[in-house]
Amino acid sequence: MFEKLELIGNSTSQKDKFSKAANNLLNHCFILKKKEDTRLDYIYIKDNKEQFSLVFDLLGYDLRIDEYIGLISVSNRNGTGRLQFTKFESIMFLILRLLYLEKRNDISTSGDTVTVTVQEIRDKYNVLKIRNKQKLDRNSERQIIALFKRYNLIRNLTSDITQGETRIEIYPSIMIAIPNEGITHFYESVKDRLTEYEGGEEDADEETE
């Protein structure tokens, strides 16, 4: 069973590369082929799929490699290790996901790159009719972008995110950050919560599926 790991374990450089790639995947949830700082890890994991699958299986994770969109991810079979979102973070996640879908469905979108502007994100948020809605100021925008960048869901293409024309690239990982079976439930639950917020319900933390 462990013979496949012997070649990696016998080489210090290979062991270091394996450890780096595995930890990057666990810490950031997604490894993307198109992302400059994860491309080498993507190639290495793909080329050593059997070894990585074995290690992650022992840890209770399923390894998924989607070569069509150039994405590697892991999911915990026990449902642990999930990131908890606040209400505000959940809404911003949904806005980014909806913008991604809209852009992908737009015939003018070229290639596999989906970009939006900070102003488009603001516009989506501002039309939500939520009583006592959290203000989307520069500080909250920085926090949201930093959070989603950490998990390889987006990246800002220019450093100054306070400008409305600043472009944000949304990665295809935004579509699988929530399991397929949970997407509909998540969307419906957000709609239900928005209705509650319009009625003045208090804020509460939410957990992603």
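Biologist: Let's start inside the fold: are phenylalanine 93 and phenylalanine 148 buried or exposed?
Modeller: Keep in mind that this is a predicted model. The cut-off for calling a residue buried is under 20% relative accessible area. Phenylalanine 93 and phenylalanine 148 both count as buried.

Biologist: How many aromatic pairs are there?
Modeller: A pair of rings is described by the distance of the centres and the angle of the planes. Here, rings pair if their centres lie within 6.5 Å. By that rule, the count is eight.

Biologist: What kind of pair do phenylalanine 56 and tyrosine 61 make?
Modeller: Both of these residues are buried. Planes over 60 degrees apart count as edge-to-face. The ring centres of phenylalanine 56 and tyrosine 61 are 6.3 Å apart and their planes sit at 75 degrees, so the pair is edge-to-face.

Biologist: Back to phenylalanine 93 and phenylalanine 148: how many residues apart in sequence are the parts that this pair ties together?
Modeller: These two rings form an edge-to-face pair, with 6.2 Å from centre to centre and 70 degrees between the planes. Phenylalanine 93 belongs to helix 5 and phenylalanine 148 to helix 7, so the pair ties together parts whose separation in sequence is 55 residues.

Biologist: Which residue lies over the face of tyrosine 125?
Modeller: For a charge to sit over a ring, NZ of Lys or CZ of Arg has to be within 6 Å of the ring centre. At 4.7 Å from the ring centre of tyrosine 125, the residue over its face is lysine 133.

Biologist: What is the volume of the largest cavity?
Modeller: Rolling a probe the size of a water molecule over the atoms shows where empty space is left. Counting cavities of 30 Å³ or more gives one. The volume of the largest cavity is about 90 Å³.

Biologist: Which elements give two or more residues to its lining?
Modeller: The lining residues include Met92, Leu96, Ile121, Arg122, Glu141 and Ile144. By class, the lining has eight nonpolar, no polar and two charged residues. The elements that give two or more residues are helix 5 (87-105), helix 6 (118-126) and helix 7 (138-150).

Biologist: Now the strands: which residue in strand 7 is the bridge partner of threonine 115?
Modeller: Strand 5 (residues 114-117) pairs with strand 7 (residues 167-170) in the antiparallel sense over four bridges. Strand 6 (residues 154-156) also pairs with strand 7 in the antiparallel sense, over three bridges. In strand 7, arginine 155 has glutamate 169 as its bridge partner. For threonine 115, the partner in strand 7 is glutamate 169.

Methods: Residues are numbered from 1 along each chain as its sequence is written. This is a predicted model: local features need pLDDT of at least 70, side-chain atom pairs count only at pLDDT 80 or more; totals for chains, interfaces and linings use all residues. Side-chain values use heavy atoms; hydrogens and water are left out. On a 1 Å grid over the protein atoms alone, a cavity is a set of points where a 1.4 Å probe fits but cannot get out, and a pocket is an open set with protein on both sides within 12 Å along at least five of seven lines; lining residues have an atom within 4 Å of a point. Grid points are joined across faces, edges and corners, and a volume is the space filled by probe spheres set on the points. Ala, Val, Leu, Ile, Met, Phe, Trp, Tyr, Cys and Pro count as nonpolar, Asp, Glu, Lys and Arg as charged, and the others, Gly among them, as polar. Rings of Phe, Tyr and Trp (its six-membered ring) pair if their centres lie within 6.5 Å; planes under 30 degrees apart count as stacked, over 60 as edge-to-face and the rest as tilted. Buried means under 20% relative accessible area, exposed over 50%, partly exposed in between (1.4 Å probe, protein chains only). A charge sits over a ring if NZ of Lys or CZ of Arg is within 6 Å of the ring centre and within 35 degrees of the ring normal. Two strands pair if DSSP finds at least two bridges between them.
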